[in-house]
Amino acid sequence: MAWYDPVAGRIDHVTIRVLIADDQELVRTGFKMILDAQPDMEVVATAADGAEAVEHARRLRPDVCLLDIRMPRLDGLEATRILAGPGTADPLRVVIVTTFDLDEYVYGALRAGATGFLLKDSGPTLLIEAIRAAAAGDALVSPSVTVRLLEHLARPAPGAGARPPAEPLTERELDVVRLVARGRTNQEVAAELFVSLSTVKTHLGSVQAKLGARNRVEIAAWAWESGVVS
């Protein structure tokens with residue numbers, strides 16, 4: 001990634017700093033090779049368990065943390081809650097990468113604060129996309145689990161309901177929310193609504209403030225639970 005700095009008169013390149021946590025050395029090595037080969041990524045640390053991952057993450061403050069779910073000492077879900085969960089000051093961005101696509105893992109990971117959920121067999125392209133999306137404040141969920149996730153969100157538990165927004169969403173904000181809830185990226189939302197990317201980001205910022213949501217995953221969850229999208 002790069003942008004032009006008019007003050008310095010140069011193009012500045014941004015490197016996405018990544019932490020990898022997995023109890024299998026082969027997986028850690030494979031992911032590191034893939035990511036270090038990208039011109040805009042750097043693996044700053046690897047960890048063999050969740051406790052070590054939390055320690056490294058707090059010390060190094062990586063842009064994105066890749067966490068497995070089943071790890072010794074501290075599993076990926078608990079590590080996610082510590083690093084990105086509700087009430088966490090200055091939360092980090094976490095992408096869960098696992099061999100297990102059980103619904104409770106997916107839902108639990110996203111509720112714990114993860115901004116992405118991928119299966120290890122999703123391939124390097126999707127892995128790289130998920131990291132770039134997380135670094136940009138977006139979220140990416142593995143296509144193989146997206147449909148089940150949305151179906152789960154569409155069936156809130158008896159007696160449970162989506163929290164009302166602090167103030168009503170505008171019609172345009174609702175349009176954006178519906179598309180986000182269906183998995184559209186910011187660029188796709190902008191194209192479908194014939195607005196600029198900056199306008200989409202402005203609407204999302206307003207929606208997050210009104211809903212008290214930390215990221216687009218929570219916006220999507222609210223949309224399904226409230227019946228805004230069905």
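Author: A polar contact here is a pair of N or O atoms within 3.5 Å; within protein, one must be able to donate a hydrogen and the other to accept it, and residues adjacent in sequence count only if both atoms are side-chain atoms. The model is predicted, so local features need pLDDT of at least 70 and side-chain atom pairs pLDDT 80 or more, while totals for chains, interfaces and linings use all residues. Numbering runs from 1 along each chain as its sequence is written, and side-chain values use heavy atoms, without hydrogens and water.

Reader: Which side chain does K120 join by a polar contact?

Author: That of D22, at 2.6 Å.

Reader: And what else does K120 touch?

Author: Beyond residues up to four places away in sequence, K120 touches D22, Q24, V27, F31, D68, V97, T98 and T99. Contact means heavy atoms within 4.5 Å.

Reader: Where is K120 found?

Author: In the loop between β7 (116-119) and α5 (124-135). Helices (H or I, at least four residues) and strands (E, at least two) are DSSP runs, numbered from the N terminus.

Reader: Switching to cavities. Which residues line the second largest cavity?

Author: I20, A21, D22, V27, F31, L66, L67 and V97. A cavity is a set of points, on a 1 Å grid over the protein atoms alone, where a 1.4 Å probe fits but cannot get out; lining residues have an atom within 4 Å of a point.

Reader: Which elements supply at least two residues each of that lining?

Author: β3, α1 (25-36) and β5.

Methods:
On a 1 Å grid over the protein atoms alone, a cavity is a set of points where a 1.4 Å probe fits but cannot get out, and a pocket is an open set with protein on both sides within 12 Å along at least five of seven lines; lining residues have an atom within 4 Å of a point.
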